Amino acid sequence: MTDSDAIAEAARCLECGCQANTQCDLRDYATEYQVDYREINTQERKMFPVDKSSEFIVFDANRCISCGSCVHACQTESVHGILNFSESSHRPSFPGGATMGDSNCVQCGACVQVCPTGHLPISAISHIAA
């Protein structure tokens, strides 16, 4: 990697702003499969509202790659079963279209631990309270 390539990659990653900057599976996969982000058409991408209704977790479906890890963790590992895939958006969602804060989510964090892209970061509010 040249110096200019490294600078461009750092700028792209810093632009993302997610909290997975030291452990970003999406960045690792993109590098492994030689994905050039400049070749991806984002003009027709659907934008989702960022759900900040939860006290501890921010739910940003815009960063989701629909891998299913968070749904699997919620359904089988934590056994809460709150998180499912939305048929219309192919993104994780809560029953009845509820926000995370209005759902029966217990904020266990299992989804956060397995998310490869940081679309479920821990809320800054919870860091202040800690």
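## Overall layout

In this report, helices are DSSP runs of type H or I with at least four residues, strands are DSSP runs of type E with at least two, and both are numbered from the N terminus. The model is a predicted one. By that definition, the protein has five helices and two strands, and, read from the N terminus, these elements follow the order α-α-α-β-β-α-α.

Of the 130 residues in the protein, 33% are buried. Among contacts with a separation of 6 or more, 59% are between residues 24 or more positions apart.

## Surface

The protein has an accessible surface of about 8700 Å², and carbon and sulfur atoms contribute 52% of it. Tyr29, Tyr33, Val35, Tyr37 and Ile40 together form a nonpolar surface patch of about 560 Å².

Val35 is classed as partly exposed because its relative accessibility is 47%.

## Asp51

The loop between H2 and H3 also holds Asp51, a buried residue that has no salt bridge. The nearest side chain of opposite charge belongs to Lys52, which is 9.8 Å away.

What does Asp51 touch, leaving aside residues up to four places away in sequence? Its partners are Ile57, Val58, Phe59, Thr99 and Met100. With Met100 there is also a polar approach, in which a polar atom of the Asp51 side chain lies 2.6 Å from the backbone nitrogen of Met100.

Technical notes:
Residues are numbered from 1 along each chain as its sequence is written. This is a predicted model: local features need pLDDT of at least 70, side-chain atom pairs count only at pLDDT 80 or more; totals for chains, interfaces and linings use all residues. Side-chain values use heavy atoms; hydrogens and water are left out. Buried means under 20% relative accessible area, exposed over 50%, partly exposed in between (1.4 Å probe, protein chains only). Contact means heavy atoms within 4.5 Å. Accessible areas come from the Shrake-Rupley method with a 1.4 Å probe; for residues, only the protein chains shown count as cover. Patches are made of residues with over 30% relative accessible area and no salt bridge: like charges are joined within 9 Å, nonpolar side chains (Val, Leu, Ile, Met, Phe, Trp, Tyr) within 5 Å. A salt bridge is a side-chain nitrogen of Lys or Arg within 4 Å of a carboxyl oxygen of Asp or Glu. Lys and Arg count as positive and Asp and Glu as negative; His and the chain ends are not counted. A polar contact is a pair of N or O atoms within 3.5 Å; within protein, one must be able to donate a hydrogen and the other to accept it, and residues adjacent in sequence count only if both atoms are side-chain atoms.
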